Amino acid sequence: MNKTLTYMKTGKANSLMLFAVYFVVNFLFLTKYGIRQSLVPISILIVTFITVHFFLFFLSKNELLSQKINVKLVYLLTGVLGVGYIALCHVLKDPYQLRIDRWQTLDFSLDYWIHGKYIYDTRNFIGNLSSYLPGQLLLALPAYLLGNVGYLQVAAFLLFSYAVMLEFKTNLIRFTAILMLGISLAYIYEAVCKSDFISSFIFAAAFILFWHTKFKENYFQKPVVLGICLGVLFLTRSVVVIPLIIFLLKPFLATHTKRKIQTVTAFLLTIAVLLLTVFFPAKNLEYIIEYNPLTLQGQSNKWVMLIFLAAALLLSFYVRKINDVFYFSAYIVFFTMLSFVLEKYLLFGLGFQDHFFSTTYLAACLPFSIVAYCFSVRKEIEKV
């Protein structure tokens, strides 16, 4: 087991596999949605896509570029892409016509939450119930107050860029990470649709990078703040717990009892307060049992989720450095979501082009695969 993991982390094929995960997820978006438009032939889109990613893979390891790409170019890229994502939030003038319900669900969920109404018994214009947990509502609140829930994607992108610049000191790697997220078709789709799915995982990845950078000697120097942050992230998406376990379980067991108690207490209180804000307006307990987000948040059946949670628990003990956290998270989150997508196909017969085929779920691994790939590239450069 240990030899296998060591090879996976240090082998030359690691960066290729991580980039392949990134490539495949975005390629699926290209083929699924590219075929629905008639402006550009799908064959040209595919050739262009492959060419761009071919150069991206090899140029990211080019030592000559390391000397030419400076911090000003990194900031310029971040600014240009940030403005671009703001523009993407205003592309759709009539999302109702395209039957895109995510933005409307998030919008009315936030409106109900602010005004003390029960969220989970109201259907959107397509007929789906809201499944938003209060942690995600809290993170999306500033964008809602600014008048466009799509701005959440802009904020997530900028936060990711900031966290990357804190962790990586080589401007080429910074540039690569920011560019990979910025040109990701999956993330562009999210921004246009004013969705929020990938942002949950971006917040988790950025938090891990930020917390490691600030407290690398001891992750539990600020146990109360850590507990609050974990409580908020825990109540975004259920699968977010996987990278958080891989990141913190081992150091949690090693820290002394007082800090364990402080962290757990802050974590539980944060969860209790946030859940109270969404469940308090319910008519009664039976109503909460009938209409609640906890059953809708699962991205796979419970047995599959338990298997991947067990894998996360096991792998957490093999973490030696921060790059291990992202290596393991990228693969486990990808396979967790892949199992959900396959379940939709095998059990419900939903084809790849079906409107309800959950291609978006595969994109949950993107923030982790991008950062893990950059760690792998940095290791290859350092070896040279």
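Start by selecting Gly 116, which follows helix H6 and has a positive phi, near 70°. Helices here are DSSP runs (H or I, at least four residues), and strands are runs of E, at least two, both numbered from the N terminus. The model is predicted, so local features need pLDDT of at least 70 and side-chain atom pairs count only at pLDDT 80 or more, while totals for chains, interfaces and linings use all residues. Residues are numbered from 1 along each chain as its sequence is written, and side-chain values use heavy atoms, with hydrogens and water left out.

Next, select H6 itself, residues 102-114. At 1.5 Å a residue, its 13 residues should span 18 Å, and the end C-alpha atoms are 18 Å apart, which agrees; the expected span is 1.5 Å times one less than the number of residues. Show the side chains of Trp 103, Gln 104, Thr 105, Leu 106, Phe 108, Ser 109, Leu 110, Tyr 112 and Trp 113, which are buried. Buried means under 20% relative accessible area, exposed over 50%, and partly exposed in between (1.4 Å probe, protein chains only).

Move to helix H12 (residues 223-234) and pick Leu 226. Leu 226 counts as buried because its relative accessibility is 0%. Leaving aside residues up to four places away in sequence, Leu 226 touches Phe 207, Trp 211, Tyr 219, Phe 220, Leu 248 and Thr 263, where contact means heavy atoms within 4.5 Å.

The last stops are the salt bridges, of which the structure holds 2. The criterion is a side-chain nitrogen of Lys or Arg within 4 Å of a carboxyl oxygen of Asp or Glu.

Select Asp 196 and Arg 237, whose side chains form a salt bridge at 3.3 Å, N to O. Asp 196 is in the loop between helix H10 (185-192) and helix H11 (197-215), and Arg 237 is in the loop between H12 and helix H13 (241-254), so the pair ties together parts 41 residues apart in sequence. Asp 196 counts as buried at 1% relative accessibility, as does Arg 237 at 9%.

Finish with Arg 378 and Glu 167, whose side chains meet in a salt bridge of 3.7 Å, N to O. This pair links distant parts of the chain, 211 residues apart: Arg 378 in helix H19 (residues 366-383) and Glu 167 in helix H8 (residues 151-167). Arg 378 is partly exposed, with a relative accessible area of 21%, whereas Glu 167 is buried at 9%.
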